[in-house]
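Subject: Structure handover

Hello,

Here is the structure I said I would pass on. Please open it alongside this message.

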Amino acid sequence: MKKIIIAIDGYSSSGKSTMARDLARKIGYVYVDSGAMYRAVTLYALRHGMAADGKVDTEALIKDLPEIRISFLPAGEDGVQHTLLNGEDVEREIRTMEVSGMVSPVAVIPEVRHRLVDLQREFGKERGIVMDGRDIGTTVFPDAEMKVFVDASPEVRADRRVKELREKGEDVDYDAVLNNIRERDYIDTHREESPLAKAPDAHVLDNDNMTIPEQMEWLMNLYNEVIRL
């Protein structure tokens, strides 16, 4: 059976990472969370005093980009693919609200995007990959055979995000999370470099009222249709 590239784009906290990871596991593909890569760079910037209060020391971060190495560990017993930053497992740290609040200002820096897009394309050289993010089907893999754009209302996404963070023991406020999501939506869709947008040939998945099993059924139906072409 031929191997393809599957690009899943969408808004923050729309559930695209969960569905991409589950789809990859089901069909035996490699999964890459491109958002985790931007979060890892953001964590590096925070740790090295290059980011604070919504502002980034762009010059210092660009200078250090060659020193930032990002890789992934296969999913373990917890079912989560862990992100490594310079060899350190930072999966938990990159999911905090501190990182969420700074990732968009970091992600708009052209040099950061160019560096990570190059890395993402390396992951996809052999095809047989599922990658999710903001610009996978438009910039990273415009020739991907299967493209999905995931949409959901900001309120539904905020509710999901709050539940996720509280399950991890974080004390978060719903309104703060909702405001963060709306701000990220604006930045993601208005940045000059590879803005979040639906590829013309992407299939839209509005999962406001869908369960995870329903989403997987939708994705598998589309996948089976694509590989038969």
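Below are my notes on one helix and the core around it.

This is a predicted model, and all values here are computed from it.

Helix α2 covers residues 34-47, 14 residues in total. From first C-alpha to last it reaches 20 Å, close to the 20 Å expected at 1.5 Å a residue. At the N-terminal end the cap is aspartate 33, with a side-chain oxygen 3.1 Å from the backbone nitrogen of glycine 35. After the helix comes glycine 49, which has a positive phi near 70°.

α2 is mostly covered, with 12 of its 14 residues buried.

The largest nonpolar core has 37 residues. Val41, Leu61, Ile68 and Val112 have the most contacts inside it. Elements giving two or more residues to this core are β1 (5-10), α2, β5 (70-73), α4 (97-107), α5 (110-123), β8 (129-133) and α6 (136-140). Of these, α2 gives the most, with nine residues.

Which residues does valine 41 touch, leaving aside those up to four places away in sequence? They are Leu61, Ile68, Ile70, Val106, Val112 and Leu116. Of these, Leu61, Ile68 and Val112 are also listed with Val41 among the residues with the most contacts inside the core.

Another core, of 22 residues, lies apart from this one; Met19, Ile27, Val150 and Met216 are among its members.

Regards

Note on methods: Residues are numbered from 1 along each chain as its sequence is written. This is a predicted model: local features need pLDDT of at least 70, side-chain atom pairs count only at pLDDT 80 or more; totals for chains, interfaces and linings use all residues. Side-chain values use heavy atoms; hydrogens and water are left out. Helices (H or I, at least four residues) and strands (E, at least two) are DSSP runs, numbered from the N terminus. The expected span of a helix is 1.5 Å times one less than its number of residues. Buried means under 20% relative accessible area, exposed over 50%, partly exposed in between (1.4 Å probe, protein chains only). A polar contact is a pair of N or O atoms within 3.5 Å; within protein, one must be able to donate a hydrogen and the other to accept it, and residues adjacent in sequence count only if both atoms are side-chain atoms. A nonpolar core is a set of buried Ala, Val, Leu, Ile, Met, Phe, Trp, Tyr and Cys residues joined through side-chain atoms within 4.5 Å. Contact means heavy atoms within 4.5 Å.
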